Amino acid sequence: MAQENAAFSPGPEEPPRRRGRQRYVEKDGRCNVQQGNVRETYRYLTDLFTTLVDLQWRLSLLFFVLAYALTWLFFGAIWWLIAYGRGDLEHLEDTAWTPCVNNLNGFVAAFLFSIETETTIGYGHRVITDQCPEGIVLLLLQAILGSMVNAFMVGCMFVKISQPNKRAATLVFSSNAVVSLRDGRLCLMFRVGDLRSSHIVEASIRAKLIRSRQTLEGEFIPLHQTDLSVGFDTGDDRLFLVSPLVISHEIDAASPFWEASRRALERDDFEIVVILEGMVEATGMTCQARSSYLVDEVLWGHRFTSVLTLEDGFYEVDYASFHETFEVPTPSCSARELAEAAARLDAHLYWSIPSRLDEKVEEEGAGEGAGEGAGADKEQNGCLPPPESESKV
């Protein structure tokens with residue numbers, strides 16, 4: 001009976017699962033922010049070139065086709081109206097009549113003549129005559145406007161094709177960040193690498209801590225951004241990214257993780273955004289790659305597996321182990337507690353080692369006797385002798 005009750009009794013309650021945090025920046029670098037209720041939409045038209053470049057490819061190609069097709073139709077309609085207004089369409093069989101455009105017998109012919117004029121194809125079948133001043137003016141306008149449309153649209157396509165966004169896809173970040181000791185100090189580390197043989201010139205790295213905070217006045221600041229030092233003062237943020245590098249943030253007194261222990265870090269709610277910038281060696285254009293780490297993606301007490309090996313005459317990078325980590329002994333206390341413990345240990349070692357002054361005092365005291373008070377005026381154990389007033393009392 002007891003076994004049956006035990007079988008049907010509810011098991012131990014599971015700890016409540018923490019609600020998943022909404023990423024500010026996705027792992028692939030996309031910013032998870034949408035602009036809503038933008039009323040001043042005319043601002044997008046004031047910078048039409050950038051708006052067209054930022055469009056999706058299918059919309060850009062649609063606008064590209066429509067720009068040319070509508071221009072050809074517009075000028076084709078004007079050519080047809082000129083021919084219709086002059087009466088050229090009524091004198092198609094009259095050899096003595098001089099039309100504005102030879103062999104223009106309808107709207108389709110006017111449309112084809114518009115394409116030939118703007119694209120400078122010039123088949124020679126339809127030709128403008130010198131007896132049509134309005135046609136000459138329209139020819140000049142279409143040639144100028146056609147060149148402007150070509151420059152604008154070709155420029156948009158060129159900039160869109162040459163954008164370094166795809167170059168950022170070959171810049172990789174480790175799937176996890178780690179916290180472990182480096183030279184006796186706790187450090188937050190992540191790894192970056194470049195899959196291409198053409199390198200990133202003037203590469204630099206930055207890190208931001210995204211965490212909501214409340215001021216002393218009670219103001220709530222959502223997604224507050226705090227800089228994480230990754231070597232700006234020492235120049236270590238400037239990278240020579242030929243092989244994968246481990247970027248380190250030392251958790252010191254200026255770090256927001258100074259008082260964060262392992263348990264406090266696991267209960268915290270934040271996001272670390274890392275940004276890698278540089279110039280593409282092949283094109284000279286600036287490239288930016290981004291990634292982020294949530295609390296669950298920060299591994300305490302881990303270190304990255306080495307991926308660089310020395311072969312016969314060259315170094316080889318094994319990207320199969322790029323994301324791998326292994327556990328290492330790491331204290332669970334905060335960096336502040338670790339620094340205080342190290343300071344106490346240094347002080348204990350300093351006072352536990354007898355100084356030469358103590359040895360000298362002991363030798364003199366053994367020679368003169370313990371009852372004499374002359375040794376009271378000497379320094380003992382690294383301390384100063386008492387003042388004269390106290391000795392007289």
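**View 1. The largest nonpolar core of the predicted model.** Among the 35 residues of this core, Ile205, Phe257 and Ile272 touch the most other members. A nonpolar core is a set of buried Ala, Val, Leu, Ile, Met, Phe, Trp, Tyr and Cys residues joined through side-chain atoms within 4.5 Å; buried means under 20% relative accessible area with a 1.4 Å probe, protein chains only. At least two core residues come from each of strands E1 (171-173), E2 (177-182), E3 (185-194), E4 (200-214), E8 (271-280), E9 (286-294) and E10 (298-300). E4 gives the most, five residues. Helices (H or I, at least four residues) and strands (E, at least two) are DSSP runs, numbered from the N terminus. This model is predicted: local features need pLDDT of at least 70, side-chain atom pairs count only at pLDDT 80 or more, and totals for chains, interfaces and linings use all residues. Residues are numbered from 1 along each chain as its sequence is written, and side-chain values use heavy atoms, without hydrogens and water.

**View 2. Surroundings of Ile272.** Leaving aside neighbours within four places in sequence, Ile272 is in contact (heavy atoms within 4.5 Å) with Leu188, Lys208, Leu209, Leu228, Phe257, Ser291, Ser292 and Tyr293.

**View 3. Helix H5 and its cover.** H5 spans residues 107-119 and is followed by Thr120, whose phi is positive, near 55°. Its buried residues are Ala109, Ala110, Phe113, Ser114, Ile115, Glu116, Thr117 and Glu118. Helices H4 (57-86) and H6 (133-161) are included in what covers them.

**View 4. Ser114 in helix H5****.** Ser114 counts as buried because its relative accessibility is 0%. Its side chain reaches the backbone oxygen of Trp72 at 3.0 Å.

Methods:
Expected span 1.5 Å × (residues − 1). Buried < 20%, exposed > 50% of the residue type's maximum accessible area, 1.4 Å probe, protein only. Polar contact = N/O pair within 3.5 Å; in protein donor to acceptor, adjacent residues only side chain to side chain.
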